[in-house]
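Here are my comments on the model you sent. Please keep the structure open while you go through them.

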Amino acid sequence: MFTPEIIQRFEQTPTPFYHYDLGILKETLSVLKTEADRYNYHVHYALKANVNDTILNTIREYGLGADCVSGNEILKAKECGFESESIAFAGVGKSDREINIALDNDIFCFNCESIPEIEVINELAMSTNKVAQIALRINPNVNAKTHHYITTGLEENKFGINMWELEDVVNKLTDLSNIELIGLHFHIGSQITDLSVFKGLCLRVNEIQEWFVQRHFTLQHINVGGGLGVDYETPDNNLIPDFKSYFGLFNEFLNLLPNQQLHFELGRAVVAQCGNLITKVLYVKKGVNTNFAIVDAGMTELLRPALYQAVHKIENLSSTNNEQKYDVVGPVCESSDCFGKAITLPETQRGDIIAIRTAGAYGEVMANGYNLRELNEVLFT
Ligand SMILES: *Cc1c(COP(=O)(O)O)cnc(C)c1O
(Lines give C-alpha, C1' and ligand atoms only; values in the text may rest on other atoms or scores of the structure.)
Protein backbone atom coordinates (compact mmCIF):
# COMPACT_ATOMS: atom_id res chain seq x y z
CA MET A 1 0.00 0.00 0.00
CA PHE A 2 2.78 2.42 0.86
CA THR A 3 5.28 2.80 -1.98
CA PRO A 4 8.37 4.99 -1.41
CA GLU A 5 6.68 7.67 -3.54
CA ILE A 6 3.59 7.66 -1.35
CA ILE A 7 5.65 7.82 1.83
CA GLN A 8 7.50 10.79 0.34
CA ARG A 9 4.17 12.54 -0.26
CA PHE A 10 3.17 11.81 3.33
CA GLU A 11 6.40 13.47 4.50
CA GLN A 12 5.57 16.60 2.52
CA THR A 13 1.96 16.89 3.73
CA PRO A 14 0.96 18.62 7.00
CA THR A 15 -0.04 16.01 9.60
CA PRO A 16 -2.32 14.66 10.94
CA PHE A 17 -4.44 13.86 7.92
CA TYR A 18 -6.59 11.09 6.48
CA HIS A 19 -5.27 9.22 3.47
CA TYR A 20 -7.62 7.29 1.21
CA ASP A 21 -6.44 4.76 -1.33
CA LEU A 22 -9.07 4.94 -4.07
CA GLY A 23 -7.66 1.85 -5.76
CA ILE A 24 -8.53 -0.23 -2.71
CA LEU A 25 -11.97 1.38 -2.47
CA LYS A 26 -12.71 0.58 -6.12
CA GLU A 27 -11.48 -2.99 -5.81
CA THR A 28 -13.66 -3.43 -2.72
CA LEU A 29 -16.70 -2.05 -4.54
CA SER A 30 -16.04 -4.15 -7.60
CA VAL A 31 -15.89 -7.40 -5.58
CA LEU A 32 -18.91 -6.34 -3.52
CA LYS A 33 -20.96 -5.64 -6.66
CA THR A 34 -19.97 -8.89 -8.36
CA GLU A 35 -20.89 -10.96 -5.32
CA ALA A 36 -24.16 -9.11 -4.58
CA ASP A 37 -25.24 -9.16 -8.24
CA ARG A 38 -25.04 -12.97 -8.30
CA TYR A 39 -28.23 -12.99 -6.24
CA ASN A 40 -29.72 -9.63 -7.28
CA TYR A 41 -29.14 -8.26 -3.80
CA HIS A 42 -29.49 -4.50 -3.22
CA VAL A 43 -26.73 -2.86 -1.21
CA HIS A 44 -27.14 0.55 0.42
CA TYR A 45 -23.96 2.22 1.62
CA ALA A 46 -24.30 3.40 5.25
CA LEU A 47 -23.19 7.02 4.91
CA LYS A 48 -22.42 7.41 8.58
CA ALA A 49 -19.19 5.41 8.12
CA ASN A 50 -17.64 8.05 5.86
CA VAL A 51 -19.19 11.06 4.10
CA ASN A 52 -16.18 12.32 2.19
CA ASP A 53 -17.45 13.59 -1.20
CA THR A 54 -14.92 11.76 -3.35
CA ILE A 55 -15.65 8.53 -1.52
CA LEU A 56 -19.43 8.99 -1.81
CA ASN A 57 -19.16 9.74 -5.52
CA THR A 58 -17.06 6.64 -6.09
CA ILE A 59 -19.53 4.48 -4.18
CA ARG A 60 -22.45 5.90 -6.14
CA GLU A 61 -20.68 5.18 -9.42
CA TYR A 62 -20.71 1.48 -8.50
CA GLY A 63 -24.49 1.58 -8.21
CA LEU A 64 -24.98 1.28 -4.46
CA GLY A 65 -27.95 2.91 -2.75
CA ALA A 66 -27.70 5.00 0.41
CA ASP A 67 -28.55 4.22 4.01
CA CYS A 68 -28.97 7.41 6.03
CA VAL A 69 -29.39 7.99 9.75
CA SER A 70 -30.11 11.72 9.69
CA GLY A 71 -31.85 14.31 7.56
CA ASN A 72 -28.55 15.87 6.68
CA GLU A 73 -27.25 12.52 5.46
CA ILE A 74 -30.27 12.32 3.16
CA LEU A 75 -29.42 15.77 1.80
CA LYS A 76 -25.79 14.75 1.42
CA ALA A 77 -26.72 11.56 -0.42
CA LYS A 78 -28.93 13.55 -2.80
CA GLU A 79 -26.18 16.13 -3.32
CA CYS A 80 -23.78 13.33 -4.30
CA GLY A 81 -26.23 11.97 -6.82
CA PHE A 82 -27.84 9.02 -5.03
CA GLU A 83 -31.36 8.44 -6.36
CA SER A 84 -34.24 9.04 -3.94
CA GLU A 85 -35.60 5.58 -4.60
CA SER A 86 -32.33 4.08 -3.33
CA ILE A 87 -32.35 5.92 0.01
CA ALA A 88 -33.34 4.21 3.26
CA PHE A 89 -33.67 6.27 6.45
CA ALA A 90 -32.96 4.58 9.76
CA GLY A 91 -32.63 5.78 13.34
CA VAL A 92 -34.35 5.47 16.67
CA GLY A 93 -34.85 9.24 17.03
CA LYS A 94 -35.93 10.86 13.78
CA SER A 95 -36.90 14.51 14.30
CA ASP A 96 -39.86 16.17 12.56
CA ARG A 97 -37.48 18.20 10.42
CA GLU A 98 -35.67 15.04 9.33
CA ILE A 99 -38.89 13.19 8.55
CA ASN A 100 -39.98 16.14 6.41
CA ILE A 101 -36.68 16.09 4.52
CA ALA A 102 -37.24 12.41 3.79
CA LEU A 103 -40.85 13.03 2.70
CA ASP A 104 -39.86 15.98 0.49
CA ASN A 105 -37.30 13.80 -1.23
CA ASP A 106 -39.66 10.82 -1.70
CA ILE A 107 -37.14 8.36 -0.31
CA PHE A 108 -37.47 4.61 -0.77
CA CYS A 109 -38.16 3.65 2.83
CA PHE A 110 -38.26 4.75 6.47
CA ASN A 111 -36.96 2.04 8.76
CA CYS A 112 -39.21 2.55 11.79
CA GLU A 113 -38.49 1.62 15.35
CA SER A 114 -41.60 2.41 17.41
CA ILE A 115 -45.36 3.09 17.26
CA PRO A 116 -44.99 6.75 18.29
CA GLU A 117 -42.51 7.27 15.48
CA ILE A 118 -44.84 5.69 12.91
CA GLU A 119 -47.69 7.89 14.13
CA VAL A 120 -45.63 11.04 13.66
CA ILE A 121 -44.52 9.98 10.17
CA ASN A 122 -48.18 9.32 9.32
CA GLU A 123 -49.20 12.77 10.56
CA LEU A 124 -46.43 14.59 8.70
CA ALA A 125 -47.09 12.55 5.54
CA MET A 126 -50.78 13.38 5.77
CA SER A 127 -50.09 17.10 5.98
CA THR A 128 -48.07 16.95 2.76
CA ASN A 129 -50.42 14.49 1.00
CA LYS A 130 -47.84 11.76 0.77
CA VAL A 131 -47.79 8.10 1.60
CA ALA A 132 -44.62 7.13 3.44
CA GLN A 133 -43.22 3.70 2.68
CA ILE A 134 -41.94 2.08 5.83
CA ALA A 135 -40.19 -1.06 7.00
CA LEU A 136 -40.43 -2.22 10.57
CA ARG A 137 -37.10 -2.51 12.30
CA ILE A 138 -37.52 -5.63 14.32
CA ASN A 139 -35.27 -6.56 17.17
CA PRO A 140 -34.51 -10.23 16.45
CA ASN A 141 -32.78 -10.82 19.79
CA VAL A 142 -29.66 -12.20 18.09
CA ASN A 143 -26.30 -11.61 19.77
CA ALA A 144 -23.80 -10.07 17.36
CA LYS A 145 -20.87 -11.15 19.57
CA THR A 146 -19.14 -7.83 19.08
CA HIS A 147 -18.26 -4.97 21.46
CA HIS A 148 -21.29 -4.20 23.67
CA TYR A 149 -21.34 -0.56 22.51
CA ILE A 150 -21.95 -1.70 18.93
CA THR A 151 -24.34 -4.56 19.70
CA THR A 152 -27.84 -3.48 18.70
CA GLY A 153 -29.96 -6.59 18.17
CA LEU A 154 -30.71 -7.65 21.75
CA GLU A 155 -33.96 -6.98 23.60
CA GLU A 156 -32.04 -4.91 26.16
CA ASN A 157 -30.89 -2.47 23.43
CA LYS A 158 -32.83 0.68 22.57
CA PHE A 159 -33.19 -0.35 18.94
CA GLY A 160 -36.09 -1.83 17.03
CA ILE A 161 -39.49 -3.25 17.81
CA ASN A 162 -39.59 -6.35 19.98
CA MET A 163 -41.48 -9.46 18.85
CA TRP A 164 -43.99 -9.16 21.69
CA GLU A 165 -44.96 -5.67 20.42
CA LEU A 166 -45.53 -6.72 16.81
CA GLU A 167 -49.22 -7.56 17.13
CA ASP A 168 -49.93 -4.04 18.43
CA VAL A 169 -47.83 -2.41 15.74
CA VAL A 170 -49.49 -4.30 12.94
CA ASN A 171 -52.96 -3.51 14.31
CA LYS A 172 -52.02 0.13 14.59
CA LEU A 173 -50.92 0.24 10.93
CA THR A 174 -54.44 -0.51 9.70
CA ASP A 175 -55.55 2.88 11.15
CA LEU A 176 -52.82 4.90 9.48
CA SER A 177 -53.83 6.03 6.00
CA ASN A 178 -50.52 7.66 5.01
CA ILE A 179 -48.25 4.74 5.83
CA GLU A 180 -47.53 1.79 3.60
CA LEU A 181 -45.71 -1.17 5.10
CA ILE A 182 -43.29 -2.49 2.47
CA GLY A 183 -40.61 -4.35 4.37
CA LEU A 184 -38.89 -5.69 7.44
CA HIS A 185 -35.59 -4.36 8.68
CA PHE A 186 -32.92 -5.82 10.96
CA HIS A 187 -29.53 -4.56 12.06
CA ILE A 188 -27.89 -6.46 14.88
CA GLY A 189 -24.56 -4.71 15.32
CA SER A 190 -21.28 -3.74 13.75
CA GLN A 191 -17.82 -5.25 13.23
CA ILE A 192 -19.25 -8.78 13.14
CA THR A 193 -16.46 -11.16 12.18
CA ASP A 194 -18.11 -14.45 13.12
CA LEU A 195 -20.24 -15.19 10.05
CA SER A 196 -22.29 -17.78 11.95
CA VAL A 197 -23.94 -14.79 13.64
CA PHE A 198 -25.50 -13.89 10.28
CA LYS A 199 -26.71 -17.46 9.87
CA GLY A 200 -28.45 -17.06 13.22
CA LEU A 201 -30.00 -13.85 11.93
CA CYS A 202 -31.27 -15.60 8.77
CA LEU A 203 -32.98 -18.31 10.80
CA ARG A 204 -34.67 -15.70 13.01
CA VAL A 205 -35.75 -13.68 9.98
CA ASN A 206 -37.32 -16.82 8.49
CA GLU A 207 -39.38 -17.31 11.67
CA ILE A 208 -40.41 -13.66 11.78
CA GLN A 209 -41.31 -13.69 8.10
CA GLU A 210 -43.52 -16.73 8.82
CA TRP A 211 -45.37 -14.68 11.45
CA PHE A 212 -46.22 -12.11 8.77
CA VAL A 213 -47.15 -14.69 6.15
CA GLN A 214 -49.63 -16.27 8.55
CA ARG A 215 -51.26 -12.85 8.85
CA HIS A 216 -51.36 -12.50 5.05
CA PHE A 217 -48.74 -9.81 4.76
CA THR A 218 -46.53 -10.12 1.71
CA LEU A 219 -43.72 -7.66 2.01
CA GLN A 220 -41.77 -6.40 -0.96
CA HIS A 221 -38.41 -6.50 0.76
CA ILE A 222 -36.33 -7.67 3.69
CA ASN A 223 -33.42 -5.54 4.84
CA VAL A 224 -30.82 -7.34 6.93
CA GLY A 225 -28.77 -4.25 7.77
CA GLY A 226 -25.00 -4.09 7.82
CA GLY A 227 -22.36 -5.12 10.29
CA LEU A 228 -19.90 -7.16 8.25
CA GLY A 229 -16.58 -6.76 10.03
CA VAL A 230 -13.08 -6.12 8.73
CA ASP A 231 -9.59 -7.27 9.74
CA TYR A 232 -8.12 -4.57 11.98
CA GLU A 233 -5.20 -6.68 13.29
CA THR A 234 -3.73 -7.80 9.96
CA PRO A 235 -5.35 -5.61 7.31
CA ASP A 236 -2.97 -6.60 4.51
CA ASN A 237 -4.15 -10.22 4.75
CA ASN A 238 -7.77 -9.22 4.19
CA LEU A 239 -7.94 -5.88 2.42
CA ILE A 240 -11.15 -6.95 0.69
CA PRO A 241 -13.80 -8.34 3.06
CA ASP A 242 -15.13 -11.81 2.26
CA PHE A 243 -18.27 -10.66 0.44
CA LYS A 244 -18.54 -13.99 -1.35
CA SER A 245 -19.09 -15.96 1.87
CA TYR A 246 -21.23 -13.19 3.36
CA PHE A 247 -23.77 -12.94 0.53
CA GLY A 248 -23.53 -16.69 -0.11
CA LEU A 249 -24.61 -17.33 3.46
CA PHE A 250 -27.78 -15.24 3.06
CA ASN A 251 -28.49 -17.00 -0.20
CA GLU A 252 -28.17 -20.35 1.54
CA PHE A 253 -30.09 -19.66 4.74
CA LEU A 254 -32.57 -16.86 4.19
CA ASN A 255 -35.91 -17.86 2.68
CA LEU A 256 -37.26 -15.08 0.50
CA LEU A 257 -40.82 -15.11 -0.79
CA PRO A 258 -41.32 -15.06 -4.57
CA ASN A 259 -40.28 -11.64 -5.98
CA GLN A 260 -39.12 -10.43 -2.57
CA GLN A 261 -35.95 -8.33 -2.62
CA LEU A 262 -33.11 -8.62 -0.14
CA HIS A 263 -31.40 -5.39 0.94
CA PHE A 264 -28.17 -4.76 2.86
CA GLU A 265 -26.73 -1.66 4.51
CA LEU A 266 -22.96 -1.95 4.64
CA GLY A 267 -20.74 0.81 5.95
CA ARG A 268 -17.53 -0.39 7.52
CA ALA A 269 -16.90 -3.24 5.09
CA VAL A 270 -17.00 -0.80 2.16
CA VAL A 271 -14.67 1.93 3.38
CA ALA A 272 -12.60 0.81 6.39
CA GLN A 273 -9.57 -0.63 4.60
CA CYS A 274 -9.08 2.18 2.09
CA GLY A 275 -8.39 4.75 4.83
CA ASN A 276 -5.41 5.49 7.05
CA LEU A 277 -4.78 8.19 9.59
CA ILE A 278 -1.29 9.55 8.92
CA THR A 279 0.48 11.19 11.82
CA LYS A 280 3.99 12.26 12.80
CA VAL A 281 5.95 11.41 15.93
CA LEU A 282 6.42 14.53 18.03
CA TYR A 283 8.42 13.09 20.91
CA VAL A 284 9.66 9.79 22.22
CA LYS A 285 9.48 9.79 25.98
CA LYS A 286 10.79 7.19 28.43
CA GLY A 287 8.19 5.94 30.86
CA VAL A 288 8.68 3.62 33.84
CA ASN A 289 8.03 0.37 32.01
CA THR A 290 7.57 1.56 28.49
CA ASN A 291 8.49 4.09 25.85
CA PHE A 292 5.84 6.51 24.74
CA ALA A 293 5.70 7.54 21.12
CA ILE A 294 3.72 10.78 21.29
CA VAL A 295 2.16 11.52 17.92
CA ASP A 296 0.42 14.60 16.52
CA ALA A 297 -2.93 12.80 16.06
CA GLY A 298 -5.18 11.95 18.96
CA MET A 299 -8.64 10.82 19.95
CA THR A 300 -9.85 14.05 18.36
CA GLU A 301 -8.92 12.71 14.92
CA LEU A 302 -9.66 9.00 15.49
CA LEU A 303 -12.02 8.31 18.37
CA ARG A 304 -12.52 4.57 18.01
CA PRO A 305 -9.77 3.36 20.38
CA ALA A 306 -10.93 5.73 23.15
CA LEU A 307 -14.63 5.15 22.48
CA TYR A 308 -14.75 1.38 22.24
CA GLN A 309 -11.29 0.04 22.82
CA ALA A 310 -10.85 -0.51 19.11
CA VAL A 311 -7.57 -1.92 17.83
CA HIS A 312 -5.88 -0.43 14.76
CA LYS A 313 -2.65 -1.69 13.26
CA ILE A 314 0.07 0.93 13.69
CA GLU A 315 3.05 1.14 11.33
CA ASN A 316 6.14 3.29 11.33
CA LEU A 317 6.77 4.15 7.67
CA SER A 318 10.09 5.94 8.26
CA SER A 319 12.17 3.35 10.05
CA THR A 320 12.86 -0.37 9.65
CA ASN A 321 15.26 -1.79 12.20
CA ASN A 322 15.82 -2.42 15.89
CA GLU A 323 12.29 -3.23 17.02
CA GLN A 324 11.07 -2.06 20.40
CA LYS A 325 7.80 -1.68 22.23
CA TYR A 326 6.01 1.64 22.41
CA ASP A 327 2.77 2.98 23.77
CA VAL A 328 1.53 5.13 20.90
CA VAL A 329 -0.36 8.05 22.39
CA GLY A 330 -1.94 11.32 21.31
CA PRO A 331 -1.51 14.81 22.77
CA VAL A 332 -4.92 15.16 24.45
CA CYS A 333 -5.14 15.31 28.23
CA GLU A 334 -7.11 12.06 28.63
CA SER A 335 -5.56 8.70 29.48
CA SER A 336 -7.84 7.07 26.93
CA ASP A 337 -6.08 9.10 24.22
CA CYS A 338 -3.97 6.10 23.31
CA PHE A 339 -3.80 4.32 19.95
CA GLY A 340 -2.09 1.20 21.27
CA LYS A 341 -0.13 -0.14 24.19
CA ALA A 342 3.14 -2.11 23.90
CA ILE A 343 3.13 -1.92 20.12
CA THR A 344 6.19 -3.37 18.44
CA LEU A 345 7.69 -0.80 16.09
CA PRO A 346 11.12 -0.26 14.59
CA GLU A 347 13.18 2.22 16.56
CA THR A 348 11.11 5.37 16.45
CA GLN A 349 12.14 8.98 16.60
CA ARG A 350 10.81 12.49 16.31
CA GLY A 351 9.58 13.19 12.78
CA ASP A 352 8.80 9.58 11.82
CA ILE A 353 5.63 9.04 9.81
CA ILE A 354 3.12 6.69 11.45
CA ALA A 355 0.18 5.09 9.65
CA ILE A 356 -2.84 4.07 11.70
CA ARG A 357 -4.47 1.55 9.42
CA THR A 358 -8.06 0.58 8.63
CA ALA A 359 -9.31 4.06 9.53
CA GLY A 360 -11.65 4.67 6.59
CA ALA A 361 -14.81 3.86 8.56
CA TYR A 362 -15.93 5.82 11.61
CA GLY A 363 -12.67 7.77 11.50
CA GLU A 364 -12.84 11.13 9.76
CA VAL A 365 -16.60 11.35 10.44
CA MET A 366 -16.07 11.18 14.20
CA ALA A 367 -13.23 13.70 14.27
CA ASN A 368 -14.10 16.60 16.52
CA GLY A 369 -12.84 19.97 17.58
CA TYR A 370 -12.04 19.18 21.21
CA ASN A 371 -9.06 21.31 22.29
CA LEU A 372 -9.76 23.40 19.16
CA ARG A 373 -7.83 20.81 17.20
CA GLU A 374 -8.15 20.61 13.44
CA LEU A 375 -7.59 17.95 10.81
CA ASN A 376 -5.53 18.77 7.75
CA GLU A 377 -6.72 18.23 4.22
CA VAL A 378 -7.32 14.66 3.03
CA LEU A 379 -4.80 13.03 0.69
CA PHE A 380 -6.03 10.65 -2.03
CA THR A 381 -3.83 8.23 -3.91
C1 LIG B 1 -24.51 1.72 11.49
C2 LIG B 1 -25.58 1.08 10.71
C3 LIG B 1 -25.28 0.37 9.56
C4 LIG B 1 -23.87 0.14 9.07
O5 LIG B 1 -23.13 -0.67 9.92
P6 LIG B 1 -21.70 -1.22 9.49
O7 LIG B 1 -21.27 -2.03 10.64
O8 LIG B 1 -20.82 -0.05 9.26
O9 LIG B 1 -21.87 -2.05 8.25
C10 LIG B 1 -26.33 -0.17 8.85
N11 LIG B 1 -27.62 0.00 9.24
C12 LIG B 1 -27.93 0.69 10.35
C13 LIG B 1 -29.36 0.84 10.73
C14 LIG B 1 -26.93 1.26 11.11
O15 LIG B 1 -27.25 1.93 12.22
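Predicted model: local features only at pLDDT ≥ 70, side-chain atom pairs only at ≥ 80, totals over all residues.

The numbered points below go from the whole chain to single residues.

1. The chain has 11 helices and 17 strands. Its radius of gyration is 22 Å, close to the 21 Å that the globule rule gives for 381 residues, so the chain is as compact as a globular protein of that length. Along the principal axes, the C-alpha atoms fill a box of roughly 70 × 40 × 40 Å.

2. Of the 381 residues, 56% are buried. Take the contacts with a separation of 6 or more: 73% of them join residues 24 or more positions apart.

3. Surface and charge. The accessible surface is about 16,400 Å². Carbon and sulfur atoms hold 48% of that surface. There are 30 positive and 49 negative side chains. The centres of these two sets lie 4 Å apart.

4. Helix α1. This helix spans residues 4-11, and its buried residues are Ile 6, Ile 7 and Phe 10. They sit on the same side of α1, because they cover an arc of only 100 degrees around the axis. Their packing partners are β1 (17-20), β11 (275-286), β16 (353-356) and β17 (379-380). The face turned away from this buried side carries Pro 4 and Glu 5, both exposed.

5. Look at the loop between α1 and β1, where Pro 16 lies. The peptide bond from Thr 15 to Pro 16 is cis. Its omega is near -5 degrees.

6. Glu 35. Is Glu 35 buried or exposed? It counts as buried, because its relative accessibility is 8%, under the 20% cut-off. Glu 35 belongs to helix α2, residues 22-37. Setting aside residues up to four places away in sequence, Glu 35 touches Phe 243, Lys 244 and Phe 247.

7. Helix α4. The buried residues here are Gly 71, Glu 73, Ile 74 and Ala 77, in a helix that runs over residues 71-79. Their arc around the axis is only 160 degrees, so they lie on the same side of α4. The cover over them includes β3 (65-68), β4 (87-89) and α5. Gly 81 follows α4 and has a positive phi, near 95 degrees.

8. Asp 106. This residue is in the loop between α5 (96-104) and β5 (109-112). Its relative accessibility is 47%, so Asp 106 counts as partly exposed. What does Asp 106 contact, leaving aside neighbours within four places in sequence? The partners are Ser 84 and Lys 130. Ser 318 lies 51 Å from Asp 106, C-alpha to C-alpha, and 212 residues away in sequence.

9. Positive phi at Asn 259. Asn 259 is not a glycine, yet its phi is positive, about 65 degrees. Asn 259 is in the loop between α9 (243-253) and β10 (261-266). Asn 259 counts as exposed, because its relative accessibility is 77%, over the 50% cut-off.

10. Positive phi at Ala 342. Ala 342 has a positive phi of about 50 degrees, although it is not a glycine. Where is Ala 342 found? It is in strand β15, which covers residues 338-345. With a relative accessibility of 42%, Ala 342 counts as partly exposed.

Conventions:
Residues numbered from 1 in each chain as written. Heavy atoms only, no water. Helix = DSSP H or I, 4+ residues; strand = E, 2+ residues; numbered from the N terminus. Rg over C-alpha atoms; globule rule 2.2 N^0.38 Å. Buried < 20%, exposed > 50% of the residue type's maximum accessible area, 1.4 Å probe, protein only. Contact = heavy atoms within 4.5 Å. Areas by Shrake-Rupley, 256 points an atom, 1.4 Å probe, with all protein chains shown as cover. Lys, Arg positive; Asp, Glu negative; His and termini not counted. Charge placed at Lys NZ, Arg CZ, Asp CG, Glu CD. Arc of directions from axis to C-beta.
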